[in-house]
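Have a look at the sequence and the fold before reading on.

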Amino acid sequence: MINTRSRHRHRHRAVRLALAASVASFALVLSACSSSGSASPSSSSAAAGGTYTIGVSEPTSTIDPETVSASGAMLIVGLASEGLISQDSKGTLEPRLASSWAASSDGLTWTITLRDGLKFSNGDPLGAADVVATFNSITGPDSQSAGASSFEGVLKSVAAGSTPNTVVFTLDSPFSDFPYLLTGSNTTIQPASYKQGTNWIDNPVGAGQFLLQKYTPGQSVTYIKNPDYWDAADVKLSAITVNFYADEQAQLLAFQSGEIDQINDSATVASTLNLADYRQTAPSYTHFDGLFFDVTQAPFDDVSVRQAVAWALDRKAIVQSVYGGQATVANDNEYFPNFSVQPTGIPQRDQDLDKVKQLLGGKTVKFTITTSTDHKTLAEVVQQQLNAIPGFDVDIQVLTSAQYYADGSSTPWLNAPVTITDWAQRLPSQFVNLIFKSGAVWNASKYSNPQLENLSSQYDAAAAAPEKQTLANQIATIENNDVAAIVPAFATGSSVLQKSVQGDFAAPLDFPGGFDFRGISNSK
Amino acid sequence: MTATIPRSAAPTAEKQGPVTDDAGERPSRIRSLLKRPSFVISVLIIVWWVVAALGWQIVGLEPYAKTGDLLASPDWAHPFGTDNLGRDMFARVVAGAGPALLVGPLGALLATVVGGTLGLVAGYYRGAVDTLMMRFFDVILALPSLIFLIVLVGAFGISTAALILIVGILFAPGIARIIRAATLVEMGKSYVTAAKLQGEKDSRILFRELLPNILPTLVIQATLSLAAAVFITASLSFLGLGEQPPSADWGLAINENRIYLQTAWWTVVFPAIGVASLVVAANLIADNIREVSR
Amino acid sequence: MTTTSVERRTALLGLLGKRVVQIPVVLLVVSILTFWLLQVVPGNPGRNALGQYATAAQVTAWNHDNGVDGSLVTQYLHWIGGFFVGDWGQSLVYSTPVRELVLERLGNSLLLGLYAFVIMVPVAIALGSAQAYREGKRSDRAITVGLLSLSAIPEFVVGVVLLLVFAVWLRVVPVQSAAGASGDFFDRLRVMTLPAVVLALGYLAVLTRMVRSGTSEAITSQFHRTAVIKGLSSATIVRRHVIRNALVPTLSVLGIYLGTLLGGSVIVETLFSYPGLGALMVTAADRKDVLLLESGVMITGAVSLLALLFTDICFVLMDPRIRFNARETN
């Protein structure tokens, strides 16, 4: 393998030289026209910690911190605003605008203490009233924020505390992992005067590490360091540029040309780049792509058929071909490996053709997997693996995301017999509430199990570690046995960075990590 | 190829003398065609792809199964290498001839027949019929082609039959415009006037007198649309539509694998050769026929 | 000669007079059709804005707030009423006034299209006429095969290869060609070179074919032969007769492509992140931003129709074979 690779590289080099020679004249013309001689737009005065350039695809909806749903838009907001708490790459909670948090003894209220002297970028002080207003706006009856779903049935009310700079969250029932919800999407703090539905770009106020300077549609967003940030001393970069690329491959080429400083690692990126030439951030878990069965319809009303599919998959091969190694094998439960409690005593499923044969009992199951274009590779690999085994006859149907997540009661992602949908990292009990609870909106499996729901609420209320462990084992055993959904792997995300980037990111650039640039500088 | 759609690829100014409908000349034309190497090679290429499209299942090729390592470079077991899912590229390129040969030629044929007929009729009758038709075509031509494509795919889906229909709808107006112009040129010639004076029926003048003389222009338009039609799947796939994996369609393969261009050129180059060979062969055949029939 | 020019003038005036009436009608039909057809495109603006995890009620509320509920007819009338008085509405996708957005992108697209033209036309004329003089010979076939093969490679592959060479290996241009949109003129041209070349390559094969057939026709024609017999120098012949005749088809193709370049360069704009009108409209169609799409369609539609008109005018003025009369030119 290594041999073939190095041979390739030689051949590549020969082609490269030939091509370079033949186009040299054209290049000369181009560079003659070039005033600066450098192609990089961000080569302007690299002050103190330098400028960092990121590539994203341009947001295609109003940028409103309380409703943004696309990752690019979240980054644009997240650089200039800040939440109460964030998670580092290991899933540990980090204080951000909040300095500390504590639960009452009955577990029904959580008191959050804010740092002193916080300021918005427009100079106004940031206090408890702004936090209360933000959460009321997100979770209010008229809220259009998708972030509201996390707090539904959990948060009863939010109010300023008795002492200054404290905020009290009152819950419907005890929830020991409540602070994790404060790292969720759409939860950065806006001024109390902010109105949901506004185009935030027109007046980008926030308390983040950077100040939004200029938004040029179709091109880029530029930021400079926020001198009033509560931890400004640790923010070393003097500026950030977010470039818009409409094409994934263009982004990869931009990274190779040095135009941007980081790119998300993926199967395609890993196969193209020689990773030794770059730095890589520590991987952290991001999401899983679950295979959901409608358990009310034949053939999947038969649990042995669901189990047969689960035992038929070659998960290690999936990790390689679908995720390019950027994932770990999962065992059909929703406990991400970085979560504080890990179920024990359940053997890891691996491809076992004898078991499949025995579970299928000689019959052939025929079905179609429906998914969106984002998960087509996984669908193709699952189809490929299953069709190689006697007893399966699998088709796939790949829809655009607009079709797959269409509105209405017959939307494919919640109604097709077998679907593949991705779920970003959440708390295990959240998954039970959102996708397995009887009648839950996103219960694509139409699954119902009162025992599981009961165990899950006990888990949320439990505070002691041993009790949590026992409950987690029971929950994961049920999920693993019933196979309402197959979780083949937990995907990790990491970024490939240019060597000029110094320092380590505390968390990946995503909303749970709070877009934290402290300690990062760029010598480019 | 850019023009996803050759809107009206060109108001061809190819001048053709009235083709005499003399059966006696045909065998000699075929003989002189067979003496042209570029014609013979092109025909052989088309024949090869037709055979491939019909026969790949018989010889037991496996375009969908994992038969090798991921992104393995070409060797004896996999002469065209393997793709990112370990599928044999040779099998996939051969199997991909099927969709290309269905959508391309049938779509182009539909567009040519519809566009050609309407263009002839418009150019022949002129007046209100002509105005109405041409302005209706202007409506279609005025809609940006890719936008129209997105809408048509939304309406008809992306099955092979739908794609053929879509190619027909998209390309017919452009062809009609060009054929109308060519018809206008012919209308000024004496043989049409003579036929009219002799009181020949309209249908006879249209299809027995005019059509043979416009045929060369029509053939060029047909081959140009063929090339663009083969490309429809690639453009659709670029737009995030029209993906129906694990199809081995060439256009789909080129777009899906282009990101591996630096690591695994074979996943892009071989399907691209498939497309190019089909397009070039069709055009060369058309060129040769035109030159011989001059 | 004089009768012909009089005929031509009448023909031209008739043509223009009719089109002045017809083009707005066609555009009106196009706008209605677009509004109606967009309904079959899957998707929902509210869902697009709020993401897959927003509830159905939230999506409905968002659509209401942004004026994309209610009957199609009301929405359409509201839009067209505004369009005529210059109020093109607010884009759902970009949250900016549609008019500024569309006109700015139109300028960018025109610039890119013109640049591509400037690259493409001389090359096509040189190659096409060279081919015509060698018609049927091996070099003629070789150029045909070469150009056709090139045009048979999708733009996004040609573009990626060029980016690899010039942006990644040689680093003389940036990958994101939008970077130049704000720089000085020459910097802008440099940055736009690759997209323009890719755009030009796509049309080169067809254009060269047109020049080839136009030229070959001219050099086999009577007056060419006469000119040769008269002993005119070959340079004079080429200048006086051949180029003119080769230009007839070329000009009409150019007219048509001007329209296509505006609506059809989506792939190039996407790959090079160039802020043009094509990609803007695909986004609008994809995200169901109906006001943005409508205005974009009207603008590109007008440009396409004017380009078609231009083609027809060229046809009347330059093609010696058609004896137009006013009746025939509609």
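Which residues of chain B does UniProt list for "transmembrane region"?

The unreviewed UniProt entry gives residues 39-59, 100-124, 136-156, 162-179, 214-239 and 259-286 of chain B. UniProt positions follow the numbering used here, feature names are shortened, and annotations may be inferred rather than shown by experiment.

This is a predicted model, where local features need pLDDT of at least 70, side-chain atom pairs count only at pLDDT 80 or more, and totals for chains, interfaces and linings use all residues. Residues are numbered from 1 along each chain as its sequence is written, chains are lettered from A and ligands numbered from 1 in the order in which they are written, and side-chain values use heavy atoms, without hydrogens and water.

Residues 136-156 of chain B are 90% helix and 0% strand, with end C-alpha atoms 21 Å apart. For residues 259-286 of chain B, the ends lie 34 Å apart, with 75% helix and 0% strand. Helices are DSSP runs (H or I, at least four residues) and strands likewise (E, at least two), numbered from the N terminus.

## A buried serine

Ser38(B) sits in helix 2 (residues 37-55) of chain B. Ser38(B) counts as buried because its relative accessibility is 16%; buried means under 20% relative accessible area, exposed over 50%, and partly exposed in between (1.4 Å probe, protein chains only). Leaving aside residues up to four places away in sequence, Ser38(B) touches Leu284(B), Asn288(B) and Arg141(C), a contact being heavy atoms within 4.5 Å.
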